[in-house]
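I open a new page for this structure. My plan is to look things up one at a time and note what turns up.

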Amino acid sequence: MYHSVSGCTDDPYRITVSPYRLDRQLRWLRDRGLSGVSVGELMRARAAGRDAGLVGLTFDDGYADFVDSALPLLHRHGCTATVFVLPGRLGGINAWDELGPRKPLLDAEGIRTAAAEGMEIGSHGLMHTDLTKADDATVEQETKQSRALVAEITGTAPEGFCYPYGTVDPRAVEAVRDAGYGYACAIDPGALTCMHALPRVHIDSADNSVRLFLKRTLNPLRRKPLPPEQGQPEDTGAAAGEDEDEGAVGSGTGGAR
């Protein structure tokens, strides 16, 4: 789970990864025979029993720096990703982050550029609204209307949804399913874990090779696994070895915005 990719050092919510660090993180995956792919591709491969070695990459909020900073690095390492955008804030800023800093969001042309470059475009809702605190009418707008607007921009109805702030409850899951999405991403949905509440791991600029190794090792122990597809074996969550990199091992997984 990524957000912004830039050299910004003012990062109170830990949502920014520098281009240098993203390059090292993608190289870490590649050196272990792992391939970064969109969540849609990962879910299709999983349903077919061919997901071994695949890692879903997501970029929440649809920051404008995705096109300039993340895309070239994803291409360099042969990766794709899912970008969860906010069609109600096209070309706007991340106004929901009280502490800032203010960062520009993708406009319609930027979204189309990312799609044309092979990235999956998903919905992050209209305005980055916490669905667990919204009324029913707002939840319907954030799910159904955002899907329709993304379809207008890209020409394809999005398969994936991402819950703003990573918060989810049964009502939100049902609304996303009813809106026609094939899957949805959360962070740690616990007992709600399913195709419409997928767990993810927060990644930030502090995540060097040691931290990535620890996260990959501990994540299967910390989160409820996604139930296996019918007729498919359950994922064992095996971990790979670590390597050397600069930086110290930190604690915590950060939060999503």
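**Aspartate 61 and its surroundings**

I began with a pair of side chains: aspartate 61 and histidine 124 are joined by a polar contact of 3.0 Å. (A polar contact is a pair of N or O atoms within 3.5 Å; within protein, one must be able to donate a hydrogen and the other to accept it, and residues adjacent in sequence count only if both atoms are side-chain atoms.) The model is predicted, so local features need pLDDT of at least 70 and side-chain atom pairs pLDDT 80 or more, while totals for chains, interfaces and linings use all residues. Residues are numbered from 1 along each chain as its sequence is written, and side-chain values use heavy atoms, without hydrogens or water.

I placed aspartate 61 in the loop between strand E5 (58–59) and H3. (Helices, H or I of at least four residues, and strands, E of at least two, are DSSP runs numbered from the N terminus.) Is aspartate 61 buried or exposed? It counts as buried, because its relative accessibility is 1%. (Buried means under 20% relative accessible area, exposed over 50%, partly exposed in between, with a 1.4 Å probe and protein chains only.) I also checked cysteine 162: it is 101 residues from aspartate 61 in sequence, and 9.2 Å away in space, C-alpha to C-alpha.

**Salt bridges**

How many salt bridges are there? I noted ten. (The rule asks for a side-chain nitrogen of Lys or Arg within 4 Å of a carboxyl oxygen of Asp or Glu.) Aspartate 23 and arginine 27 form one at 3.2 Å, N to O. Both sit in helix H1, four residues apart, about one turn of the helix. Aspartate 23 is buried at 10% relative accessible area, and arginine 27 is partly exposed at 32%. A salt-bridge network links Asp23, Arg27 and Arg76.

Next I looked at arginine 211 and aspartate 207, which meet at 2.7 Å, N to O, in a salt bridge. Arginine 211 is buried at 5%. Aspartate 207 is buried at 0%.

**The cores**

I turned to the largest nonpolar core, which has 30 residues. (Such a core is a set of buried Ala, Val, Leu, Ile, Met, Phe, Trp, Tyr and Cys residues joined through side-chain atoms within 4.5 Å.) Among those touching the most other members are Leu22, Leu26 and Phe66. H3 gives the most to this core, with five residues. Apart from it lies another core of 16 residues, including Leu131 and Phe161.
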